[in-house]
Amino acid sequence: MEGRKKSSSGYGFRPKLVWNTGVQEYLTRAYGATQFDRICDALMRPCINSTVRVNTLQASTPEVIEQLCNYFRKSSRIVGSDRVGSQVQGLDENEEKQWLNSNNERANASEEPNVEIGPNIPSNMTLTDGSAASTILDSREGIDDKYRRVSVEFSDFSCWEHPVLKDVVMVGGRGPCEVDCRGEAGVPVKEVVVSRKCAEAVLRGANVFVPGVLACSQHVEEGDVVAVTVAVERPDGGGGWSVGITRGTTLESEHAVTRSTRSNYFIGMGRMRMSRTALFREIRGVAVEMTKRIFDLPPFHGVLEGQIFLQNLPSIVAARVLDPKPGERILDMCAAPGGKTTAIGILMKDQGEVIALDRSHNKVLDIKRLADEMKLTCIQAYKLDATKSVKQEHVFVLNGDSISPSKCSSDSTTANFSRAEIDSTKQPHDVVMSNKQSGTTTTSLSPYEIKAAARKELRRMKNRLASDKAALQRIKSFQPQSFHRVLLDAPCSALGLRPRLFAGEETLETLRQHSCYQRKLLDQAVQLVRPGGTLVYSTCTLNPGENEAVVRYALDTYQFLSLMPQEPRIGGQGLVGGLDVFDGMSYKEWLREEEKHLVQRFSPGASYDTIGFFIAKFAVSLKMGQSHDDSFSQI
């Protein structure tokens, strides 16, 4: 699938998405050749409409739309309108107001109101009043004010309130655009080559930052106009992948075949913010400020911080599907970077408790910073491997006497062994470790192993206390059934993220590994939800083995789980079957016919123009041997 934009200089955006052969064959069988080609074509392009979630505890949707309009006007970065931006630029304040007023008068005098509902609204979407979104698409004259808030300052600027999610603002972009990359007076244009991940960020609206630059032309100086191209991975001859460019390379020294490949990945023109010498000396900062883009999308970095959060539409839907209520205790098991966590806190009106987990120290700090930025006090972020989130009670047995950690609360940060218990390990007795839940025992430990285990536990206790002083909260585990609702947005192959210029890193083996890891997480999640509670499972991948097959595993393994209808419902239905699709090792069943409408699958290339995403919502009924009162005693 190749792009059509090509300039006279030979540069153009004609990407071709490369997959691992086995994965491509597997997904082609799963979706069918026609639909998979459509998905691949969409994956190489960014979502044209940017989705902004409003922090309704700090601002209203109309207020945010007005502020965004003012921001774009002042920065002359009008979405989808180079013409308007050029007309405003260079005018003084009074001239600008006069131009805007005249533009508004022309808009108000037109027969058709200056309103953009926005493209790509699915006709099967249901609005909050029960009417169909197709009504909006069919008749612009009958649009009620409650379904849109749109700026009338610029006739080419698209900014509207989402017709279903009233706390979401859609900002329209455009593309692919025709970009002239010819040099002035016959002088060849200078070139900057960026990494594939940097290019994917640029296609979403970002500028080029220093770490993303791989190479550039000789004698590049600050202020120079440059063409920005991408070095995409290609086979290295040894069964792997390589970009073929070493950071700091001078482009004139490269082989012609490399330039030919890059010319198909031209993403826009920009102006250098530093010289070549500084470019490869610095470690941070903007290297190239983009001025003309193949896909013209607005940057939101630093815009209305605390009031808005740029987030993919399906991620916003996932938090809504969880349906958190004020006063509840909610767990976000794999929470980084915190978008869904903060969405849950806002839906709860900052009342209750939201526990956010991640196993990365830095990611936990990012969650805390985002919660502080949005002024949410109900969020507590902890460093914890979610595969070990359910408390397992262990007992040391010494000469027939049990020595166990104290019965601490579920948010205790240490296993509280007394000094006497640790000192007692100096005696040369055999020790047996047993697990209360499984009833199994391990082999006896030698006196040396006993002492080593005691020293290790003492160091662990000291490290935990030290880390608490550093303001990074840690937690050991949680009691079973201690949450009203759990969101498991599982780590996955991320094959649904877009734009994506390369997909060859995933193999059938790595896809199976993702699926196994997700099942481990799900095994923990089902234990943490109280009976009568809710579990939401989501991913951002296209792989049915990580989506429908995991749902099948959950339903077949845990009889107390059942799929629930989802609200709001914007995505499509799930995939049925699976037993005729070989994943490289086996045939796994997906959904059954009566279950496909109970999940949401967002497919790239569909009318809603989003990333690939999957959402399943489970109701947790009473577990075997429990009464309803038992579930509340754990909260």
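Which residues of α1 are buried? In this predicted model, where residues are numbered from 1 along each chain as its sequence is written, local features need pLDDT of at least 70, side-chain atom pairs count only at pLDDT 80 or more, and totals for chains, interfaces and linings use all residues. Side-chain values use heavy atoms, with hydrogens and water left out. The answer for α1 is Gly-22, Val-23, Tyr-26, Leu-27, Ala-30 and Tyr-31, where buried means under 20% relative accessible area, exposed over 50% and partly exposed in between (1.4 Å probe, protein chains only). Looking down the axis of α1, these buried residues fall within an arc of 145°, so they line one face of the helix; the arc is that of the directions from the helix axis to the C-beta atoms. There is a simple background to this: an α-helix has 3.6 residues a turn, so residues three or four places apart point the same way.

What does this buried face pack against? The buried residues of α1 pack against α2, α15 and β25 (599–602), with contact meaning heavy atoms within 4.5 Å. Helix α2 has its own buried set, made up of Phe-36, Ile-39, Cys-40, Ala-42 and Leu-43. They cover an arc of only 165° around the axis, which puts them on the same side of α2. The buried residues of α2, in turn, pack against α1 (21–31).

Stepping back to the whole protein chain, there are 17 helices and 26 strands; helices (H or I, at least four residues) and strands (E, at least two) are DSSP runs, numbered from the N terminus. Of the 635 residues in the chain, 51% are buried. As for contacts between residues at least 6 apart in sequence, 77% of them join residues at least 24 apart.

Pro-46 sits in the loop between α2 (33–43) and β3 (49–54), and Pro-46 is buried, with a relative accessible area of 1%. Leaving aside residues up to four places away in sequence, Pro-46 touches Leu-203, Phe-295, Leu-297, Arg-498 and Pro-499. Gly-173 is 127 residues from Pro-46 along the chain, yet their C-alpha atoms are separated by 9.9 Å.

Two helix pairs come next. Two packed helices are described by the angle between their axes and the distance between the axes. The axes here are lines fitted to C-alpha atoms, for helices over the stretch in contact, and angles run from 0 to 180 degrees between N-to-C directions. For helix α10 (residues 313–322) and helix α11 (residues 339–347), the axes come within 9 Å and cross at roughly 45°. That makes α10 and α11 oblique to each other, given that angles under 35 degrees count as roughly parallel, over 145 as roughly antiparallel, 65 to 115 as roughly perpendicular and the rest as oblique. On the α10 side, Ser-315, Ala-318, Ala-319, Arg-320 and Leu-322 meet Lys-340, Ala-343, Ile-344 and Leu-347 of α11. By class, this contact of α10 with α11 has six nonpolar, one polar and two charged residues; Ala, Val, Leu, Ile, Met, Phe, Trp, Tyr, Cys and Pro count as nonpolar, Asp, Glu, Lys and Arg as charged, and the others, Gly among them, as polar.

Ser-515, Gln-518, Arg-519, Leu-522 and Asp-523 in α15 meet Ala-549, Val-550, Tyr-553 and Ala-554 in α16. The residues of this contact of α15 with α16 divide into five nonpolar, two polar and two charged.

A cis peptide bond joins Gly-175 and Pro-176, with omega about 0°, and Pro-176 falls in the loop between β5 (168–172) and β6 (190–195). Another cis bond runs from Ala-336 to Pro-337, with omega near 5°; Pro-337 belongs to the loop between β16 (329–332) and α11. Leu-304, a residue other than glycine, has a positive phi near 50°. Leu-304 lies in the loop between β14 (286–293) and β15 (308–310) and, at 17% relative accessibility, counts as buried. Ala-494 is not a glycine either, and its phi is positive at about 55°.
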